[in-house]
Amino acid sequence: VERDAAVLEGVRQDLQADPELADAGPAAILPCVVDHAVDGYGPVLGALNAAVEEVEEAVFSPGESRPTERIYKLSRQVLELRRAMVPLPEMLDRLATQSPAPAGERLRQRFREERAHLLHLVQGADDLGDLLANALQANLTEVSVRQNDDMRRISAWVAIWAVPTLLAGIYGMNFRHLPELEWRFGYPLVLATMAVICLWLYRAFRRSGWL
C-alpha cells in the first residue's frame with residue numbers, strides 16, 4: 001500500500017511539473033506510471049552490477065574461493081530481469097506511434113524517452129550477462145590451472161619420496177650378499193645418497209615451478 005501511494009504521489013508530481021503533458025487528460029497518467037516502472041529497474045541493475053564486480057574480484061583472488069554457484073545464480077537473476085524488460089520497448093514503440101491528438105505529440109515524446117531509457121537498461125543487462133559468462137569461463141580456467149598445479153606438486157613429492165622408498169626396499173630384501181652390507185660406512189652412505197638425490201630432485205622441481 002505504501003509503495004502504491006508513493007507511485008501515485010510521484011505521478012502527481014510529474015503531472016504538476018509537466019503541464020503540457022497534464023493537458024492530455026487521463027491518458028497522461030500512463031507515461032508517468034511507465035516512467036516510475038522503468039526507473040524501478042535501475043536500482044536492480046545497479047545492485048546486480050555491484051554483485052558482478054564482487055564476483056570478478058573473487059574469481060581472480062589468490063584465495064581458495066569457488067564462486068561458480070554464485071555466478072550461476074547471478075546469471076539467472078540477470079536473465080529474469082532481462083525477460084521482464086525486453087517486451088516493454090515494443091509496447092512503448094506502439095504507444096509512441098499511436099497516441100491520439102491533440103496532446104499526442106507530447107505523449108509520443110514521453111513514450112520515446114521511456115523506450116530509449118529502457119533500451120539502455122536492457123543493454124546494461126546484456127553487458128552483465130556477457131561479463132558473467134566471461135567470469136564463469138575465467139573461473140573454470142582458474143580451477144583447471146589450480147588443479148594442474150596441485151597435481152604437479154603431488155607428482156613432484158611422489159618422485160622425491162620414491163628415491164628413499166626404492167633404496168630402502170632394495171636394502172630391505174632378505175639377501176645375504178648385498179653391496180656394502182659388511183662395510184662400516186655402508187649405512188651412512190645409503191642415507192647420504194638418499195638425502196643428496198632427494199635434495200637434487202627438490203631443487204630441480206623448484207626451478208621448474210612444480211614446487
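**Figure 1. Order of elements along the chain.** From the N terminus on, the elements of the protein run α-α-α-α-α-α-α. That makes seven helices and zero strands. The model is predicted. Of the 211 residues, 28% count as buried. The protein exposes about 14200 Å². Carbon and sulfur atoms supply 60% of that area. Among contacts between residues at least 6 apart in sequence, 69% join residues at least 24 apart.

**Figure 2. Confidence across the predicted model.** The mean pLDDT of the protein is 79. A value of 70 or more is reached by 78% of the residues. Confidence is lowest in helix 2, residues 19-22, with a mean of 58. Confidence is highest in helix 4, residues 68-85, with a mean of 89.

Figure 3. Helix 4 has 18 residues. From first C-alpha to last, helix 4 reaches 26 Å, close to the 26 Å expected at 1.5 Å a residue. Its buried residues are I71, L74, V78, L81 and M85. They cover an arc of only 85° around the axis, so they sit on the same side of helix 4. On the other side of helix 4, E69, Y72 and R83 are exposed.

**Figure 4. Helix 5 and its buried face.** Helix 5 spans residues 87-98, twelve in number. The distance from its first C-alpha to its last is 17 Å, close to the 16 Å expected at 1.5 Å a residue. P89, L92 and A96 are the buried residues of helix 5. Seen down the axis, they fall within an arc of 65°, so they line one face of the helix. On the other side of helix 5, E90, R94, T97 and Q98 are exposed.

Figure 5. E114 has its place in helix 6. Its relative accessible area is 5%. The cut-off for buried is under 20%, so E114 is buried. Leave aside its neighbours within four places in sequence, and E114 is in contact with V34, D35, V38 and L92. One of these, L92, is also among the buried residues of helix 5.

**Figure 6. The aromatic pair W157 and Y202.** A search of the whole structure finds one aromatic pair. The rings of W157 and Y202 have their centres 5.9 Å apart. Their planes stand at 40°. Planes under 30 degrees apart count as stacked and over 60 as edge-to-face, so this pair is tilted. The pair links distant parts of the chain. W157 lies in helix 6, residues 104-171. Y202 lies in helix 7, residues 186-208. W157 is partly exposed, with a relative accessible area of 39%. Y202 also counts as partly exposed, at 33% relative accessibility.

**Figure 7. A204 and A156.** A204 is found in helix 7. At 24% relative accessibility, A204 counts as partly exposed. A204 and A156 are 48 residues apart along the chain. Their C-alpha atoms are separated by 9.6 Å.

How values were computed
Residues are numbered from 1 along each chain as its sequence is written. This is a predicted model: local features need pLDDT of at least 70, side-chain atom pairs count only at pLDDT 80 or more; totals for chains, interfaces and linings use all residues. Side-chain values use heavy atoms; hydrogens and water are left out. Rings of Phe, Tyr and Trp (its six-membered ring) pair if their centres lie within 6.5 Å; planes under 30 degrees apart count as stacked, over 60 as edge-to-face and the rest as tilted. Helices (H or I, at least four residues) and strands (E, at least two) are DSSP runs, numbered from the N terminus. Buried means under 20% relative accessible area, exposed over 50%, partly exposed in between (1.4 Å probe, protein chains only). Contact means heavy atoms within 4.5 Å. Accessible areas come from the Shrake-Rupley method with a 1.4 Å probe; for residues, only the protein chains shown count as cover. pLDDT is the predictor's confidence in each residue, from 0 to 100. The expected span of a helix is 1.5 Å times one less than its number of residues. The arc is that of the directions from the helix axis to the C-beta atoms.
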